[in-house]
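Student: Hi! Could we go through this one together, a piece at a time?
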Amino acid sequence: MDPSTSEAPGPSGPSTRGVAWAVVAFFMAEGVLRSGYFHFGARAEGTDPPYLDALLSELTGAGATALLFFAVIVPACRRFPVERGRRIVHLAAHAGAAAVYSITKTLLMGVSRAGLWPLAGLGSYDYGELGYRITMEAANDVTSYAVMAFGVHVFFAWQAQKERELSRARLEARLNEARLSALQGRLQPHFLFNTLNTIAQLIHTDPTRAEATVERLAEMFRYVLNGSERGLVSLGEELAFLDVYLEIEQARFGERLRVIREIAPGALGLSVPSLVLQPLVENAIRHGQAGDGSVDLTIRVQPQAKVIVITIA
């Protein structure tokens with residue numbers, strides 16, 4: 001929270017620079033309002049001091065407060081957060097910072113007023129006995145320091161929450177990118193292009209089958225996305241997904257494409273990595289291992305070794 005800091009605004013909040021200047025504006029506005037309070041209070045008591053006296057008094061106080069807010073209070077809150085485990089030590093540090101804040105603020109007000117009063121035609125400024133002045137100001141400054149330090153801690157907590165939300169959003173974006181990469185890697189581009197060409201041809205010759213092929217393609221996309229999230233699926237789910245893929249391929253190859261299966265009893269409930277079968281069968285079809293149009297898929301289980309053996313020929 002430094003008014004000279006230039007940071008871009010986050011996705012759901014203002015920039016730190018904007019917040020800092022808003023704090024400065026608040027202090028100065030408070031100074032103007034307080035000047036009216038003291039000026040009209042004096043008028044109510046029957047005296048008629050110049051308004052400029054009250055205005056300069058409160059603005060110099062507000063300016064000193066704003067300066068020390070960024071020079072003392074914000075760094076102290078950043079360096080000594082009041083949190084569990086170090087609360088007593090950090091509260092003691094804030095007590096020292098409050099003393100520095102109050103004494104420095106009192107001296108700044110005295111010096112600035114001593115210089116401004118003659119320039120404004122108000123004569124010399126009488127600050128009174130410095131020791132008493134410091135003691136007097138400390139009575140208010142301890143409370144104001146505590147209120148401002150609390151506000152800074154709240155702001156830091158808000159910033160931390162926003163940063164956590166931003167980090168989660170970035171992680172989710174990376175996860176979605178990874179899922180998209182998995183989708184692109186597992187559904188080969190040439191398969192998608194061939195399927196779209198097949199659909200384009202069927203639209204004119206067999207609209208019903210074209211619509212069914214589009215639905216099967218959508219099922220494949222849904223399964224791939226869900227499988228990327230789950231990691232492991234049952235062998236029965238993998239075989240059902242393979243049926244969807246083969247239905248699309250049969251729209252291209254017709255009855256020439258046949259799959260002969262030999263599945264071990266009790267294997268359907270076993271867990272396997274998602275999309276373990278379809279790429280293997282696609283590779284066999286693509287590279288001509290199924291020369292006569294048939295693919296032999298054999299799945300055996302070796303219980304003792306806890307191994308599933310998948311053979312495609």
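**Working through the model**

Tutor: Let's start with Leu108, which is partly exposed at a relative accessible area of 32%. Here buried means under 20% relative accessible area, exposed over 50% and partly exposed in between, using a 1.4 Å probe and protein chains only. This is a predicted model, where local features need pLDDT of at least 70 and side-chain atom pairs count only at pLDDT 80 or more, while totals for chains, interfaces and linings use all residues. Residues are numbered from 1 along each chain as its sequence is written, and side-chain values use heavy atoms, with hydrogens and water left out.

Student: Which helix does Leu108 lie in?

Tutor: Leu108 is part of helix α3. Helices (H or I, at least four residues) and strands (E, at least two) are DSSP runs, numbered from the N terminus.

Student: And what is Leu108 in contact with, leaving aside neighbours within four places in sequence?

Tutor: Ala64, Leu67 and Leu68, where contact means heavy atoms within 4.5 Å. Thr65 is 43 residues from Leu108 along the chain, and their C-alpha atoms are separated by 9.5 Å.

Student: What about Lys105, buried or exposed?

Tutor: Lys105 counts as buried, at 10% relative accessibility. Lys105 is also found in α3, and its contacts beyond four places in sequence are Gly61, Ala64, Thr65, Leu68 and Asp141.

Student: Changing topic: how much space lies in the largest pocket?

Tutor: About 810 Å³. On a 1 Å grid over the protein atoms alone, a pocket is an open set of points where a 1.4 Å probe fits, with protein on both sides within 12 Å along at least five of seven lines; lining residues have an atom within 4 Å of a point. Of the 37 lining residues, Arg34, Phe38, Glu58, Gly61 and Lys105 are the closest to the pocket's centre.

Student: Which helix gives the largest share of that lining?

Tutor: That's α4, with 12 residues. Helices α1, α2, α3 and α4 each supply at least two residues of the lining.

Student: Moving on, which residues are buried in α8?

Tutor: In α8 (residues 278-286), Gln278, Val281, Glu282, Ala284 and Ile285 are buried. They lie on the same side of α8, because they cover an arc of only 160° around the axis, taken from the directions from the helix axis to the C-beta atoms.

Student: Last one: how many helices and strands does the chain have?

Tutor: Eight helices and five strands. Buried residues make up 33% of the chain's 313 residues.

Conventions:
Points joined across faces, edges and corners; volume = space filled by probe spheres on them.
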